[in-house]
Every structure is written in structure tokens, then in C-alpha cells.
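Welcome! Here is a short tour for anyone meeting this protein for the first time.

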Amino acid sequence: MKLASLTQVGRSPELPQLIELPTGLPLELCSLLRVLPGQRYVGQAQWQGRTVLAKLLVGGKAERHFARELQGAQLLAAQGLSTPLLLEQGVAAGEGGWLLFEFLEGCLLYTSDAADDLLCV
């Protein structure tokens with residue numbers, strides 16, 4: 001499935017789901033942690049042999065949402081805060097954006113109005 005096709009799958013896409021990123025690299029989405037249907041899919045995935053936290057942004061506002069997510073990740077890292085490493089990111093016009101972070105075992109995802117956040121326990 002192409003990244004842009006996520007706009008059509010609704011709240012509960014069939015998992016695992018193989019997604020072809022615009023770079024041509026495959027991403028296997030294994031579980032979902034947060035879904036805004038047709039806009040944002042956050043979940044655990046496999047990419048290049050490793051487990052990652054994938055933030056996939058699709059739909060008409062994907063480029064704007066991607067820019068905000070990327071800026072937020074960069075600001076956290078610049079402040080020296082302990083955050084998951086951003087492994088890969090990109091955006092393609094008409095397709096969507098993706099941010100792939102290292103997956104931290106033992107962490108829970110909680111959501112706020114502002115962003116997706118990790119709480120390590």
C-alpha cells in the first residue's frame with residue numbers, strides 16, 4: 001500500500017500492513033497506538049530490520065502537520081531532553097509525511113492536545 005492510501009483505510013486498517021514509503025523503502029505497520037482517521041497513524045512498525053515508532057501523516061494537511069512534528073522533535077533534541085532518536089523522516093507532495101523514531105521498550109504513548117508524547121516507566 002502506498003502511504004497516501006492511508007487516507008482511505010479509516011480507524012482500523014488491517015494489520016500488519018506493508019506500506020511503501022515514497023523513498024521506495026517498505027515499512028511494516030504492526031500495531032496502532034493513535035489514529036486520527038485519514039490524517040495521522042502512529043504505531044509500532046518494522047523498518048530496515050528494526051522496531052520503530054512510526055508517525056505517518058496523510059491527507060490535505062499532511063505537509064503542515066509534518067513540518068510541526070519535525071520542528072517539535074528537533075526542538076526537543078536541541079534542548080538536550082531525553083527523546084527517542086529520529087531515524088528517518090520525509091515528506092512527499094500528494095503522498096504524506098513520515099517520522100520514524102527509535103522504539104523505546106517499556107514506554108507508553110499518551111496523548112495530549114498538542115502532540116504525541118512518550119512516558120517511560
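Predicted model: local features only at pLDDT ≥ 70, side-chain atom pairs only at ≥ 80, totals over all residues.

## A first look

From the N terminus on, the elements of the protein chain follow the order β-β-β-β-α-β-β-β-β, which amounts to one helix and eight strands.

**Around Ala4**

- Ala4 counts as partly exposed because its relative accessibility is 23%, and partly exposed residues fall between the 20% limit for buried and the 50% limit for exposed.
- Leaving out residues up to four places away in sequence, Ala4 touches Gly94 and Glu95.
- The C-alpha atom of Ala4 is also separated by 6.0 Å from that of Val58, although these residues are 54 apart along the chain.

**The chain as a whole**

- The protein chain has 121 residues, and 33% of them count as buried.
- Its accessible surface comes to about 6800 Å², with 50% of that belonging to carbon and sulfur atoms.
- If you look at contacts between residues at least 6 apart in sequence, 41% of them join residues at least 24 apart.

**The sheet and the helix**

- Six strands make up an open sheet, arranged in the order β1-β2-β3-β4-β6-β5, with antiparallel pairing.
- Which strands stand at the edges? They are β1 and β5 (86–92); each has a single partner strand, so one side of each is left without a neighbour in the sheet.
- Going from one strand to the next, the twist averages 30°.
- The partner of β5 is β6, and these two strands pair in the antiparallel sense over six bridges.

**The nonpolar cores**

- In soluble globular proteins, nonpolar side chains tend to be buried together.
- Here, the largest nonpolar core has 16 residues. Leu3, Leu6, Leu27, Leu56 and Leu100 are those with the most contacts inside this core.
- At least two residues of this core come from each of β2 (26–36), β3 (40–47), β4 (50–57) and β6 (96–102).
- Another core, of nine residues, lies apart from the largest one, and its members include Val42, Leu53, Phe66 and Ala73.
- What does Leu6 touch, not counting residues up to four places away in sequence? Its contacts are Met1, Ile19, Gly38, Tyr41, Leu56 and Val58.

**The loop with Thr23**

- Between β1 and β2 there is a loop, and Thr23 lies in it.
- Is Thr23 buried or partly exposed? Thr23 is partly exposed, since its relative accessible area is 45%.
- Setting aside neighbours within four places in sequence, Thr23 is in contact with Glu88 and Trp98.
- A polar atom of the Thr23 side chain lies 3.4 Å from the backbone nitrogen of Leu25.
- Thr23 and Ala92 are 69 residues apart in sequence, while their C-alpha atoms are 9.0 Å apart in space.

How values were computed:
Residues numbered from 1 in each chain as written. Heavy atoms only, no water. Helix = DSSP H or I, 4+ residues; strand = E, 2+ residues; numbered from the N terminus. Buried < 20%, exposed > 50% of the residue type's maximum accessible area, 1.4 Å probe, protein only. Contact = heavy atoms within 4.5 Å. Areas by Shrake-Rupley, 256 points an atom, 1.4 Å probe, with all protein chains shown as cover. Core = buried A, V, L, I, M, F, W, Y, C linked by side-chain atoms within 4.5 Å. Pairing = 2+ DSSP bridges. Axes fitted to C-alpha atoms, helices over the stretch in contact; angles between N-to-C directions. Polar contact = N/O pair within 3.5 Å; in protein donor to acceptor, adjacent residues only side chain to side chain.
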